[in-house]
Amino acid sequence: MKKRILTGLKPTGELTLGNYIGAISQMVELSNDENNEVYLFVADLHALTEYQDPSTLRERIKKFIAMYIACGMDPEKVSIYIQSDNEYIPMISWILECNTYYGEASRMIQFKEKSKGKENFTVGLLTYPILMAADILYCDADLVPVGIDQKQHVELARDIAERFNNKYGKTFKLPEPLISKEGIKIKDLKDPSKKMSKSEVNPNGVISLFDSPEIVSKKIMGATTDSENLVYYDEENKPGISNLLNIASVISKRSIDDIANEYKASGYGNFKKYVASLTSNMINDIQGKYNYIINSGKLEEILNKGKENSRKLAYEKMIEMKKKVGLN
Ligand code: TRP
C-alpha cells in the first residue's frame with residue numbers, strides 16, 4: 001500500500017522562502033518517492049476565517065497553484081487542487097463538527113491567540129481545525145506535513161477520527177503529523193527569534209518567492225547577525241548566522257558543517273554573499289518556471305485532474321459517513 005501524504009497552505013500573504021524550505025520542497029521530495037501518493041491543495045476556505053479582499057484572494061489562489069508547480073510539484077504525480085473545488089469537504093466537516101466538543105475546539109492554541117482581546121471574530125475561527133480535520137480524514141491521509149504551529153490541529157483530527165470510529169465503526173485512518181525540521185528553523189531575517197511568516201509586516205525579514213533576485217540578495221545581505229564575525233552553527237547564541245546556514249544547507253544540499261567549515265573565518269560578508277547568490281539563483285529559477293506555467297494555459301487542466309481525484313475520494317467517504325450516522 002502506498003502512503004498517502006496530504007498538506008495544504010492557506011492563501012493569506014505571499015508564499016515565502018520559509019514556505020518553500022519548510023513545506024513545499026519537502027513535499028516535492030516526498031512526491032518523488034514512488035511509495036507515496038501526494039495531495040497538495042490551496043486552503044482557500046480556511047483563508048475566509050478572516051476577511052480577505054476578494055480580488056486579491058482570487059488572484060492569490062491561482063498564484064499559489066502555479067507556484068507549487070514552479071517549485072517542483074509534478075502535476076503528473078501529485079493531485080494539486082483548490083479546497084473549495086471539492087464541495088464534499090464542508091459536508092464531511094459538518095458531520096465531524098457534530099462529533100467535536102466545544103471545549104476541545106476552544107482550547108486550540110491558534111484559536112485562543114487569534115480570538116484573544118477581540119470582540120468580533122468569526123465562528124469559522126473556532127471551527128477552522130475541524131474543517132482541517134475534514135481535509136485530512138476524507139482521503140485517509142497517513143501523514144500530514146505541517147509546521148509546528150499546526151501540529152495541534154492534526155492531533156485534534158486524530159482525536160475526532162478516533163471518536164467517530166469508536167461511535168460508528170471504523171471509518172477513518174488515524175493521521176500522523178510530520179513536522180519538518182527545516183520548517184521550524186527558517187527564521188525571520190530581521191528578527192531571528194521569530195519564524196519567517198507570510199503574514200509578517202516587516203518585509204525585510206521575509207523573502208517572498210516573488211521578490212526580484214536583486215531584492216533577495218539585498219535582504220540576505222541585510223540579515224541581522226551577531227558581531228563575532230565567525231561562521232559556525234549555534235542556534236542559541238548565533239540565531240541569525242544559524243538561520244542563514246540552514247537556508248544555505250537546504251538550497252545547496254550541502255551539510256551545515258561543510259558550509260560552516262568553508263566560511264568559518266572568511267567573514268560574514270563573504271558568507272552572506274554565498275547565501276545571497278544561492279538563494280537569488282534559486283528564486284530566479286523558480287520565477288522562470290512560474291512565468292512559463294502561468295502563461296501556458298495548462299493550469300485549468302491540472303486543477304481539473306486534482307479536483308476530480310479529490311472529489312472522488314471525498315464523495316466515497318461522505319457516503320460512508322452519511323450511512324453510518326443515519327442520513328440517507
Ligand atoms: N491550516 C493550514 C495553514 O495554516 C492549512 C491547512 C488547511 C492544512 N487544511 C489542512 C494543512 C490540512 C494540512 C492539512 O496553512
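Me: What is the make-up by class of the lining of the largest pocket?
Reply: The lining of the largest pocket has 16 nonpolar, 17 polar and 13 charged residues. Ala, Val, Leu, Ile, Met, Phe, Trp, Tyr, Cys and Pro count as nonpolar, Asp, Glu, Lys and Arg as charged, and the others, Gly among them, as polar. This is a predicted model, in which local features need pLDDT of at least 70 and side-chain atom pairs count only at pLDDT 80 or more, while totals for chains, interfaces and linings use all residues. Residues are numbered from 1 along each chain as its sequence is written, and side-chain values use heavy atoms, with hydrogens and water left out.

Me: What makes a residue part of the lining of the largest pocket, and which residues lie nearest its centre?
Reply: On a 1 Å grid over the protein atoms alone, a pocket is an open set of points with protein on both sides within 12 Å along at least five of seven lines, and a lining residue has an atom within 4 Å of a point. By that rule 46 residues line the largest pocket, and Gln110, Asp149, Gln150, Lys195 and Lys198 lie nearest its centre. α1 (17-31) gives the most to this lining, with 5 residues. The volume is about 1,200 Å³, taken as the space filled by probe spheres set on the points, which are joined across faces, edges and corners.

Me: Why is the ligand placed in the largest pocket?
Reply: A molecule sits in a pocket if more than half of its atoms lie within 2 Å of the grid points. The ligand therefore counts as sitting there, since the space it takes is the largest pocket.

Me: Which residues come nearest the ligand?
Reply: The shell around the ligand has 15 residues, and Lys10, His46, Tyr128, Asp135 and Gln150 come nearest; the cut-off is a heavy atom within 4 Å. By class, this shell holds 9 nonpolar, 4 polar and 2 charged residues.

Me: What makes a space a cavity, and how many are counted at 30 Å³ or more?
Reply: In a cavity a 1.4 Å probe fits but cannot get out. The count comes to 1 cavity of 30 Å³ or more. The largest cavity has a volume of about 50 Å³, and its lining consists of Met108, Gln110, Phe111, Leu125, Leu126, Tyr128, Pro129 and His153. α7 gives the most, with 4 residues. By class, this lining has 6 nonpolar, 2 polar and no charged residues.

Me: Which element gives the most to the lining of the second largest pocket?
Reply: α1 does, with 7 residues. That pocket has a volume of about 510 Å³ and 23 lining residues, including Ser25, Gln26 and Glu29.

Terms used: Helix = DSSP H or I, 4+ residues; strand = E, 2+ residues; numbered from the N terminus.
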